[in-house]
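Subject: Structure handover

Hello,

Here is the structure we discussed. Please open it next to this note; the findings follow below.

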Amino acid sequence: MLITELKQKDDVLSLIKGKALVISCIGCKEVYFPVTEAEELHKELLAGGNVSAVITTDYICNPENLKLQLKKHMDKVEAAEILLVFSCGVGVQTVAELYPNKAVFAACDTYPLPGHQGITPLEPECDQCAECHLSDTAGICPITACSKGLLNGQCGGSKNGMCEVDKDMECGWERIYRRLEKLGLLDSLLYPAKIRNYIAIAGAGANASES
C-alpha cells in the first residue's frame, strides 16, 4: 500500500498560474488517498476562480481507464492551461504522458511504504521520495527517469540524448528540458539547487514499520 499526502495549501495555490483543471484520484485499494482533505481543498480552489472544474475518478494511473473517464470532459481538458493532479506520483506521470502539450502539476507527495504502486501498463515509476518534484520537471520524474537520480539537471555524460549509464535509455534530463521548452516553462529550472530529504523518506518508512 502507498500513502499520498496533500502538499501544503500555499504550495498548491502557487502552481495555479493560468486556467486550471483538477484531475483527482479517489484512490485504489493499493494507495491511501486523503479524500476528505482533498475535497475541502477542491472547494477552495473552485472558489478562487482559476479552476474550471474538478474531475474525480479512480485508477488514473491506468491510461485507458483515464481516457475513457475524461472522454466526456475533453472540452474542459482542451481549454485548460494547467492540469493539477491529486494522486500518487504514478498517476501524475500517467496524466503527463497522455497530455504532453499540457502543463501537469502534482498536488500531492507520495510516501515510501511497501506495496503496489497502482495499476498501469506504462513505464513511469514513483520512488516515493516524500517530496514530489514532478511540478518542476514537466511531469517527468528526475529520480526514476535519470539513472543517477539527479535533481538539478543532467550530469554531462549523456551523448546524443542517451544516458551514459544505460545506452538504451534516453537521458531523463534531456526529456525534461525538451518538454519544459515545448511548454514555455524553462524558468522552472531556475529554482535553487535541491537536496533530497532523506530524513522524510526514512521517517515515513519508520512510521510505517511501527504501525
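Leu84 has Phe105 as its bridge partner in β6. The two strands involved, β5 and β6, run parallel and are joined by 4 bridges. Strands here are DSSP runs of E with at least two residues, helices are runs of H or I with at least four, and both are numbered from the N terminus. Two strands pair if DSSP finds at least two bridges between them.

This is a predicted model: local features need pLDDT of at least 70, side-chain atom pairs count only at pLDDT 80 or more, and totals for chains, interfaces and linings use all residues. Residues are numbered from 1 along each chain as its sequence is written, and side-chain values use heavy atoms, with hydrogens and water left out.

**The four-stranded sheet**

β5 and β6 belong to an open sheet of 4 strands. The order is β4-β2-β5-β6, and the pairing is parallel. β4 (51–57) and β6 are the edges; each has a single partner strand, so one side of each is left without a neighbour in the sheet. Neighbouring strands are turned by 20° against each other on average, direction ignored. Axes are lines fitted to C-alpha atoms, for helices over the stretch in contact; angles run from 0 to 180 degrees between N-to-C directions.

β2 pairs with β5 in the parallel sense over 5 bridges. Val22 has Val54 as its bridge partner in β4. Helix α3 lies across β2 and β4 and runs at about 130° to β4.

How many residues of β5 are buried? The count is 5 of the 5, so β5 is largely enclosed by the rest of the structure. Buried means under 20% relative accessible area, exposed over 50%, and partly exposed in between (1.4 Å probe, protein chains only). Ile82, Leu84 and Phe86 point one way from the strand, and Leu83 and Val85 point the other way. In a regular strand the side chains alternate between the two faces of the sheet.

β5, α5 and β6 make a right-handed β-α-β unit. Right-handed means that, with the strands pointing away from the viewer, the path from the first strand over the helix to the second runs clockwise. α5 (residues 89–98) is mostly covered, with 8 of its 10 residues buried. Among them are Val90, Val92 and Val95. The buried residues of α5 pack against β2 (20–25), α3 (63–70), β5 (82–86), β6 (103–106), β7 and α6. Contact means heavy atoms within 4.5 Å.

**Ser135**

Ser135 is in the loop between β7 (108–111) and α6 (172–183). Buried or exposed? At 11% relative accessibility, Ser135 counts as buried. A polar atom of the Ser135 side chain lies 2.8 Å from the backbone nitrogen of Ala106. Leaving out residues up to four places away in sequence, Ser135 touches Leu15, Val104, Phe105 and Ala106.

**The three-stranded sheet**

An open sheet of 3 strands has the order β3-β1-β7, with mixed pairing. Its edge strands are β3 (31–32) and β7, each pairing on one side only. β1 (residues 2–6) and β7 run antiparallel and are joined by 4 bridges. Thr4 has Thr110 as its bridge partner in β7.

Best wishes

Key
Polar contact = N/O pair within 3.5 Å; in protein donor to acceptor, adjacent residues only side chain to side chain.
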